[in-house]
Amino acid sequence: MSDKRIKIAIQKSGRLTEHSTSLLQKCGLIFSHAKDQLIGYGENMPFDLMFVRDDDIPDLVQDNLCQLGIVGLNVAMEKQIGLEDAKKACAYSIEQTLDFGQCLLAFAYPEDSGYSAIEQLEGKTIATSYPFIVSKYIDEKKLNIKITEFSGAVEVAPSLGKAEAICDLVSSGATLKAHNLTQGETILDSTAVVIQSNNSLGDKEQLWVSKLLERINGVLQVRESKYIMMHAPKDSIHTITELLPGTESPTIIPLEGTSEIVAVHVVCKETIFWETLEDLKSIGASSILVVPVEKMLM
Ligand code: ATP
Ligand code: ZN
């Protein structure tokens, strides 16, 4: 890299776009991006964004044209298995699982077909946009099933007579239902992930990448985290930490005029439900405050 800037490939326009840009902004990256431009220039850090089709992201990182990418695990794995199949080395690794882009890669069978399990498809054909992931799964099960590749609208394949079943991404199941398909086995639980090129970076660039990954991790933790303050009997601290999932040692602060009651402050890394607050109250806690955490660096 002659210009020493680090390129991050993200989806130009689709389900991952807004989440990806907002994640990077939460990490402190300010970038300028004119509409319809391929590149967004980082103004305060040496990162530039490349806005591309999600399917191109693994290739860009594989070829080190971009050093990082945010893409669905489904797309990252399809490319990875494709490379394995072609006996080529995969030159990127999955660095971080993100909390958006959740979907399943699952089989689906026509409602009136009588099929409900992949084993019943021996000798038949499955339509999918993920031929490598699906054939790996089928090979592992030692089944003999043909695969026909569809680049979009996979769900119409059975009614066109192109396949007996499909394997496609599902999030709500509504699309399957609209095409009279029943959801079957899940073969991949997918979310967006950060991928990084295995090509080594200069020391400075590697420091920036590590810093960004650490900030991403911080942003993910903060989304669920809460700072909780309460007054509680001194001897109930142990029960309190047991009730609050994902907490580290609480801070205990003495209160003026009493030795039995203390103030307890704790960071809790998981969602707090009303039930938990009620349980805290039932063991003697009072003045319970739950406040959002703005930033966190562990
Ligand atoms: P592009 O124009 O970039 O090729 P696309 O149509 O392939 O866009 P999108 O539909 O925007 O892609 O989906 C991008 C990613 O979002 C998917 O690869 C997947 O990881 C994730 N995703 C989450 N939910 C769904 C869903 N219900 N259907 C499809 N993808 C989903
Ligand atoms: Zn795509």
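Domain bounds here come from an automatic or database domain assignment. On that basis, the chain splits into domain 1 (6–101 + 192–222), domain 2 (103–190) and domain 3 (226–292). Between the C-alpha centres of domain 2 and domain 3 there are 49 Å.

A word on the ground rules. This is a predicted model, where local features need pLDDT of at least 70 and side-chain atom pairs count only at pLDDT 80 or more, while totals for chains, interfaces and linings use all residues. Residues are numbered from 1 along each chain as its sequence is written, chains are lettered from A and ligands numbered from 1 in the order in which they are written, and side-chain values use heavy atoms, with hydrogens and water left out.

Now for ligand 1. Domain 1 and domain 2 both give residues to its shell, so ligand 1 lies between them. Counting residues with a heavy atom within 4 Å, 15 surround ligand 1, and the closest are Arg15, Arg53, Asp55, Asn74 and Ser171.

| Residue | Ligand 1 atom | Distance |
|---|---|---|
| Gln11 | oxygen | 2.8 Å |
| Asp55 | oxygen | 2.7 Å |
| Ser171 | nitrogen | 2.6 Å |

On its own, ligand 1 has 630 Å² of accessible area, and the protein covers 76% of that (Shrake-Rupley method, 1.4 Å probe).

Ligand 1 sits in the largest pocket, meaning more than half of its atoms lie within 2 Å of the pocket's grid points.

As for cavities, the whole structure has one of 30 Å³ or more. The largest cavity has a volume of about 30 Å³, taken as the space filled by probe spheres set on the points. Its lining (residues with an atom within 4 Å of a point) consists of Ile8, Leu24, Leu68, Ile70, Val194, Leu212 and Ile216.

How values were computed. A polar contact is a pair of N or O atoms within 3.5 Å; within protein, one must be able to donate a hydrogen and the other to accept it, and residues adjacent in sequence count only if both atoms are side-chain atoms. On a 1 Å grid over the protein atoms alone, a cavity is a set of points where a 1.4 Å probe fits but cannot get out, and a pocket is an open set with protein on both sides within 12 Å along at least five of seven lines; lining residues have an atom within 4 Å of a point.
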